[in-house]
Every structure is written in C-alpha cells, then in structure tokens.
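Reader: Please walk me through this model. Keep it brisk.

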Amino acid sequence: MATKIRLQRGGRKGYAFYSIVIADVRAPRDGKFTEKIGTYNPNTNPATVDLNFDRALYWVEVGAQPTDTVRNILKREGVYMMKHLRGGVKKGAFDEAAAQTKFDAWKADKQKGLDTLRETLAKEKKAAYDKSLAEEKKVNEAIAKKVAEKKAEAEAAKAAEAATEEAPAEEAAAE
C-alpha cells in the first residue's frame, strides 16, 4: 500500500484549516485516512503548525511520500533534519547524544528567528496604530477648531443683534 502524507481541508469557505494526515494514495483528499498527525493553520501570521513530531518522523522513515506543501511544513518543523541526523548515527558519523544536541541547537536557532519575526510584526502593527491615532487626533483638532470658530461667530452675531436692539431702546428712553 503506497501512503502519502497530505493535507485534509477543513474550515469554512474562505478560511481554510488543514489536518495533516497519512492516507492511501487512492483515497480522496477529504476521505479515508490512516492516521492524523497534526494540523496546519495558514490564516495566522506566521502559519501555525501543531505536529506530532515522533509520528511524522516514523512515517517519513518508513517511506510515506509527503506532498510539496507538507514537505515544506515538515522541513520547517525539523522532521527532515532529524531524519538526516539519524542517518548519520546509523552510519557511525556521531552518536545519538551529538545528534540530539545538533537538533536542539538548530531548533533553538529556528525558534529565535520566529520570535524575531513575531516581534517585528508586533512593532509594525503598533507603529501603524500610533500613526493612525496621530492622524485621527489632527483631524479631530481641525474639526474642533472649526466648531469653535462657528460658535464664536454665532456669539458675535448674537452680541451685535443684542447691541442693535439695545440702541433703539436707549434712544427711546432718552427722549
């Protein structure tokens, strides 16, 4: 039985959410599968992957063929790196502890890069928010200035009207 590691679509229209599954090559995309090994959410930035690392590594080692997208996900998560390191252990290039140390260093470096990306995105979002807030304040100040001018004009017109009404009354009282 030829097996593939592929994505199984879920989620609503316009908001895809995928399960990473092991399936027979003859099974339909959203049909019968052997095992579910994780999820993939491309809607977040960066994309969120929840993967059962050990099972994914097992299936890659026994020969399950991933699709292109799943291969990229597995590479990013380090499954292929660990497969490569285990091959070095089998050949005697280094021992299991050295392989685990190399993998942990690689994973830490990868995580640091993701954290930097998240921080950069958060800073850009905050800067855009601050900029829009400053622009909104300018607009509000301009509106407040126009309203104050209109009120001042209305008060001046009332004062002039009251002065014109008082002047004939004073003349009539003087006579």
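Author: Start with a term: helices (H or I, at least four residues) and strands (E, at least two) are DSSP runs, numbered from the N terminus. This is a predicted model: local features need pLDDT of at least 70, side-chain atom pairs count only at pLDDT 80 or more, and totals for chains, interfaces and linings use all residues. Residues are numbered from 1 along each chain as its sequence is written, and side-chain values use heavy atoms, with hydrogens and water left out.

Reader: In what order do the strands of the sheet run?

Author: Strands of a sheet pair through backbone hydrogen bonds, either parallel or antiparallel. Two strands count as paired if DSSP finds at least two bridges between them. Here 5 strands make an open sheet, ordered E4-E3-E2-E1-E5, with mixed pairing. Strands E4 (48-51) and E5 (65-66) are the edges, each pairing on one side only.

Reader: How many bridges join E1 to E2?

Author: There are 10, between E1 (residues 3-12) and E2 (residues 15-24), which run antiparallel. Gln 8 stands opposite Ser 19, and Gly 10 has Phe 17 as its bridge partner. The two strands form a hairpin with 2 residues between them, and Gly 14 in the turn has a positive phi of about 80°. E2 also pairs with E3, antiparallel, over 5 bridges.

Reader: Which helices lie across the sheet strands?

Author: Contact means heavy atoms within 4.5 Å. Axes are lines fitted to C-alpha atoms, for helices over the stretch in contact; angles run from 0 to 180 degrees between N-to-C directions. H1 (residues 53-61) lies across E1, E2, E3 (35-41) and E4, at about 115° to E3. H2 (residues 68-77) lies across E1, E2, E3, E4 and E5, at about 95° to E1.

Reader: Why is E2 described as largely enclosed?

Author: Buried means under 20% relative accessible area, exposed over 50%, partly exposed in between (1.4 Å probe, protein chains only). In E2, 7 of the 10 residues are buried, so the rest of the structure largely encloses this strand.

Reader: How many residues has the largest nonpolar core?

Author: In soluble globular proteins, nonpolar side chains tend to be buried together. A nonpolar core is a set of buried Ala, Val, Leu, Ile, Met, Phe, Trp, Tyr and Cys residues joined through side-chain atoms within 4.5 Å. The largest one has 21 residues; Ile 5, Ile 20, Ile 37, Leu 51, Leu 74 and Val 79 have the most contacts inside it. H1 gives the most to this core, 4 residues. Not counting residues up to four places away in sequence, Leu 74 touches several residues, including Ile 5, Leu 51, Val 60 and Val 79.
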